[in-house]
Amino acid sequence: MKKPWSYVLLGGFVAGAFDIPYACTYWFLKRGVAPRRVLQSVASGVLGPDASFHGGWRSALLGLGLHFFIATTMAVTYYLFARRWPELWERPWLYGPLYGLLLYGVMNYIVVPLSQALSGSPNTVWIVLSIVVHAFLIGTPIALFTQRAMLATPVTLSPVPVGA
């Protein structure tokens, strides 16, 4: 049996692995943007646009690392809340997409505006697809892997007090 945290970390990795190819594919098909540039846009949140887009593969790799760090943080956060509220892991097909919608809002209306990154695209197709991706390719896998983690958690029984 795997340790619960391995499922949580795997959930973050899977969510990140679904999300970044979506972004790279969309922008390549829409405007011919190279994947390196998409990854640099992630790094621009920390480095700023000038340093990031002139940083070559170093800033692109930083962006990739940051992307997976964020996805893993999202998975760990869901897992920690699910330990307190069992409904989150008992009903992953409901709460996973809802969590993905929450993540979309947090990323686009709190994290990005507080970072050095340029604001997101106002393109309606991008926004709609991004909401769907956050719901079903980010939130849902995180919830499903959290469920696996919770099911892998050893049950500890507290001793029954004498005379109870």
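Reader: Leaving aside its neighbours within four places in sequence, which residues is Leu88 in contact with?
Author: This is a predicted model, in which local features need pLDDT of at least 70, side-chain atom pairs count only at pLDDT 80 or more, and totals for chains, interfaces and linings use all residues. Leu88 has its place in helix H5, residues 87-90, where a helix is a DSSP run of H or I with at least four residues, numbered from the N terminus. With contact taken as heavy atoms within 4.5 Å, and with those neighbours set aside, the partners of Leu88 are Tyr78, Phe81, Ala82 and Tyr95.

Reader: Why does Leu88 count as buried?
Author: A residue is called buried under 20% relative accessible area, exposed over 50% and partly exposed in between, with a 1.4 Å probe and protein chains only. Leu88 counts as buried because its relative accessibility is 15%.

Reader: Which elements do the buried residues of H4 pack against?
Author: Helix H4 has 29 residues and reaches 43 Å from its first C-alpha to its last, close to the 42 Å expected, a span that is 1.5 Å times one less than the number of residues. The buried residues of H4 include Ser59, Gly63, His67, Met74, Tyr78 and Ala82. The elements against which the buried residues of H4 pack are H1, H2, helix H3 (49-53), H5, H6 and H7.

Reader: At which residue does H7 bend?
Author: Helix H7 covers residues 124-152, and from its first C-alpha to its last it reaches 41 Å, which is close to the 42 Å expected for its 29 residues. A bend is the angle between axes fitted to the seven residues ending at a position and the seven starting there. In H7 this angle is about 30°, and the residue at which H7 bends is Val133.

Reader: What is the relative accessibility of His134, and which residues does His134 touch when those up to four places away in sequence are not counted?
Author: His134 belongs to helix H7, and this residue counts as buried because its relative accessibility is 11%. When residues up to four places away in sequence are not counted, His134 touches Gly100, Leu103, Tyr104 and Gly139.

Reader: Why does Ser44 count as buried?
Author: Ser44 lies in helix H2, and, with neighbours within four places in sequence left aside, Ser44 is in contact with Pro49, Ser52, Gln116, Ala117 and Leu118. Ser44 counts as buried because its relative accessibility is 2%.

Reader: What share of the contacts in the protein chain between residues at least 6 apart in sequence joins residues at least 24 apart?
Author: The protein chain has 164 residues, of which 37% count as buried. Among its contacts between residues at least 6 apart in sequence, the share that joins residues at least 24 apart is 72%.

Conventions: Residues numbered from 1 in each chain as written. Heavy atoms only, no water. Helix = DSSP H or I, 4+ residues; strand = E, 2+ residues; numbered from the N terminus.
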